[in-house]
Structure formats: C-alpha cells, structure tokens
Amino acid sequence: MVPFRLSPLLLSVPLLVVLCACGHDPSDPEPLGEAYAGPASLELRQDISRRARVSGIAKHGDRLEVLEAKRRFVRVKTPQGQQGWVNVGTLISSDQMKDLRALADYARQLPSEGKATSFEMVNVHIEPNRRAPSFSQLPEKSTVEIVGRKVMPRTQDAPPVMSFRRKRTPRRPPPKKKPVGINLSPPPPPGLPENWIALSKSPEIKEPPKSPAEELQDRRLQRLRKKEEPAVDDWSLIRMKDGSAGWALSRMLSMAIPDDVAQYSEGQRITSYFSLGDIQDEEHGLKSHWLWTTMSGVRSDCDFDGFRVFIWNRRRHRYETAYRERHLIGQYPVRANLDGKTGTFALITQNDDGKWVRRTFFLDGYQVRKLGEEPFVPGETPAAQEAEAKAAERAAKSGWFSSFKQRVQKLFKK
C-alpha cells in the first residue's frame, strides 16, 4: 500500500486564506478624513456619553483617522490603533496644525520682552480667540516668555467646525405628470386702473414736535451710543519652555519683575522689562537697574504708551526714577544691552509727524542720555528687525563716541 502524502503547495493554501482573512477587517469603515488632537491630553471614550469608559488617550499633535460621525462627535483612531469618541471641537484641522507650527517657528525668532508668571490655570489657544481650540494649559505659577501682543474683539465668531459627513447622492424627484386635455393655468391678472398713481400715494403724516425733556433725553442717548465701544481682549503671544507658542489672555499673566520695583506701576500694566546692569549694596546685596514699558489701558494701536528707568540708590538704599516718558505710541521689540554694552536700550516709537523711529538711550551712571534716532518700518520680518537693531547698535556706538569726544573738547577749552 502506497502511503498518501499531501503536497506542500496544498498545505500552504489554507494558511494563506487564514492570513488574508485576518489582515482585512470588513467591520472597519473607510476613514472620513483626518484630524489632529488639540488638547495636551485628549481622552477617547467608548461612547458619546461623558460618563463612558475611556478607551484611549491621544496627545497634542497626534494624527487621528476619523471613522464615524454623529452630530458633534466623531469616532477616531490613533496611530497605535486605539479607537474612541471625541467632540469635534477638540480636534484641529491640517491647516490649523500647519499654522500652529508656523507660529512656533515665527515666535522662536522673536526676542523676549520679559518673563511672565501665571496667576492660575491658563488656557493657551491656537489663535487670539476665546473660542479657538486650546492645545495646552499653563499650571499655576508657571513661567513663560512674552514675545508679542494683539488686541482682538471679545465677541468673535467661532472657528469653523470640521465636517466629516459622508456625501450622499441626492435622489432625483419623479417627473410630474401633466394632465391631458385640461387647462389649469391661472387667469391673467386684471389691469391697473387709470388713476393708480394717485391711489398709490400715501397721506403725509406729520409727527408732533418733541418736548424739551424728550430732546434732552435723545441727546443723552446719542452721547451714550458714541461712548459705547465693543469689548476687546488683550492677548499675549507666549513662548513656552518646550519651544511651542500660543496665545493667552494678558490679564492672566503677571510680569516677573521684582516686587520692590513693580510696586511703582501706579495701576498701569507692565508690558516688558529688562535689567540695565547690577550694583552691589552693602545692606541689601546685589541690586539691578531696570527698564520697563507700561500700558495705561487696552489699546490696539501700540504695545506700550510709556517707559521708565529705575536706578538703585546705594546711599538711600531704595529705587528711584532716573528717566520717564508718557503718552507714547510704541511697539515691540524693545532691546536692552545692545551689542553686549550694559546700560544701552532702544525703543520703537512714533514721533509727532506720525513716522516710526528707533530711539537709542544709554544709562550713564544715574542719568539717561539719548544717543541716536533711526527710521523704522513697522511690520517687517524678524530678520529685517534684526538688521535695524544692528543699525541702532552702530548708532549707539557712534553716538557714545561723539558725546565722549565733545566732553573731552570742553575740558581742554576750559
């Protein structure tokens, strides 16, 4: 009797069928689209309900496949294969993700205007808009760098919500059957009468004259309408320790300048601050001279409307004002210690003619001296601003040298 043997080719056919069946899951629908996780930690739930069990967690920036949509909720799939339901408002589109990465690259080039500390938990948004998605949260007493500022209306439209509905082909309505032999068209309208122009005129109605009290009330209402202005929010462009950047409400942040200097703010908000050098005090130890810019209100035409220079008086052991200017129209960036020279600083302000200039100053002992002034074009790129800053540094050097030369000449004349 000849033993029966199976061919290896026949044995491999069932195995190939099993592998093909395992590799394709007909229950998985085709993706409706893609999105990115907005919050720092996004919980995926097994059902739409908030009380549903968490089936997975996606981190900010993770690419998600959208598998199903119900109202404002979508079922997504992470790169690791985890699936769950999330609110569509917590997702970021591909375009928004590109804009957020471009914002981080742009903020990385901007100089710091000072460090700020958060009062409490602060949401960081992808746009200066309360309704924009928040991709991060600053814990209480966390430190960030301020690199920009913007004033936006408080009542803004929410960013468009992504839609992942499947397109359905509309059904064609059945053709209407026209009755045969019956004329159902409406009769023609009657013609206009000959005196239709006289009939269409409305009688003139004269309003009774207003009393003096009513006129006074109308004038008051008009003045109130003129004073009413739309509510706005002051936003700060912040740069975090991990290099990411976003927008946070300025009122939720406090500049981390020492309290013994910040007490002289006089109710104004500090928008930037810089150290202009250190000085050793026998009683209080190491102290610094400070430059700060302030804002008296919420204005959209400038980043600061005044600046002030504080010096530490070793004889009186206290801070004193060495220089101050108010009622300005200034913008970022503010530079200090130009070219490594301690005590120099430059500010961009608008002069009386409406032209923007970069003014350079130098803290000479306890006095602030103006070294030079250069024209400035607002709205330039950071690279162009850097070139302007170097030009201001050169002007500061030449201005300091010329002032020193004049002093020497005066001494020899005496």
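Me: Is Arg 239 buried or exposed in this predicted model?

Reply: The cut-off for calling a residue buried is a relative accessible area under 20%. Arg 239 has 14%, so Arg 239 is buried.

Me: Which residue does Arg 239 form a salt bridge with?

Reply: Start with the general idea. Side chains of opposite charge can pair when their charged atoms come close. In this structure Arg 239 forms a salt bridge with Glu 145, and the closest N and O atoms are 2.7 Å apart. The two residues come from distant parts of the chain: Arg 239 belongs to strand E12 (residues 232–239), Glu 145 belongs to strand E11 (residues 143–153), and 94 residues separate them. Glu 145 counts as partly exposed, at 24% relative accessibility.

Me: What are the closest N and O atoms doing in the pair of Arg 359 and Glu 325, that is, how many Å apart are they?

Reply: In that salt bridge the closest N and O atoms are 2.9 Å apart.

Me: Which residue forms a salt bridge with Arg 45?

Reply: Glu 43 does, with the closest N and O atoms 2.8 Å apart. For these two, read the accessibility again. Arg 45 counts as partly exposed at 22% relative accessibility. Glu 43 also counts as partly exposed, at 39%.

Me: How many salt bridges does the count come to?

Reply: The count comes to 20 salt bridges. Some residues are linked in a network of salt bridges, namely Arg 149, Asp 234, Arg 269 and Asp 303.

Me: Next, sheets. In what order do strands E15, E16, E17 and E18 stand?

Reply: To read a sheet, list its strands by who stands beside whom, then look at the direction of each pairing. Here four strands form an open sheet in the order E15-E16-E17-E18, with antiparallel pairing.

Me: Why is one side of strand E15 and of strand E18 left without a neighbour in the sheet?

Reply: Strand E15 (269–281) and strand E18 (318–325) stand at the edges and have a single partner strand each, so one side of each has no neighbour in the sheet. On average, neighbouring strands of this sheet are turned by 20 degrees against each other, with direction ignored.

Me: How many bridges join strand E16 to strand E17?

Reply: Five bridges join strand E16 (residues 285–295) to strand E17 (residues 306–313), and the two run antiparallel. To see the pairing in the structure, find Leu 291, which stands opposite Val 309 in E17.

Me: In what order do strands E19, E20, E21 and E22 stand?

Reply: They form an open sheet of four strands in the order E19-E20-E21-E22, and the pairing is antiparallel. Strand E19 (330–336) and strand E22 (367–375) are the edge strands, each pairing on one side only. Neighbouring strands of this sheet are turned by 20 degrees against each other on average, direction ignored.

Me: How many bridges are there between strand E20 and E21?

Reply: Strand E20 (residues 344–350) and E21 pair over seven bridges in the antiparallel sense. Phe 345 stands opposite Phe 361 in E21.

Me: Now a loop. Where is the place of Thr 90?

Reply: Thr 90 is in the loop between strand E6 (83–87) and strand E7 (91–92). With a relative accessible area of 23%, Thr 90 is partly exposed.

Me: Which residues does Thr 90 touch, not counting residues up to four places away in sequence?

Reply: Thr 90 touches Tyr 36, Ala 37, Gly 38, Pro 39 and Leu 42. Take Pro 39 as the case to check: Thr 90 and Pro 39 are 51 residues apart in sequence, yet 6.7 Å apart in space, C-alpha to C-alpha.

Me: How many helices and strands are there in the chain?

Reply: The chain has six helices and 22 strands. Of its 414 residues, 36% are buried. Among contacts with a separation of 6 or more, 57% are between residues 24 or more positions apart. The chain exposes about 28,200 Å², and carbon and sulfur atoms supply 53% of that area.

Me: What pLDDT does the chain average?

Reply: The pLDDT is the predictor's confidence in each residue, so read it before reading the details. The chain averages 80, and 77% of the residues score at least 70. Over residues 8–25 the pLDDT stays under 50, and the model has one contact beyond four places in sequence for them.

Key. Residues numbered from 1 in each chain as written. Heavy atoms only, no water. Pairing = 2+ DSSP bridges. Axes fitted to C-alpha atoms, helices over the stretch in contact; angles between N-to-C directions. pLDDT = per-residue confidence, 0-100. Contact = heavy atoms within 4.5 Å. Buried < 20%, exposed > 50% of the residue type's maximum accessible area, 1.4 Å probe, protein only. Areas by Shrake-Rupley, 256 points an atom, 1.4 Å probe, with all protein chains shown as cover. Salt bridge = Lys/Arg side-chain N within 4 Å of Asp/Glu carboxyl O.
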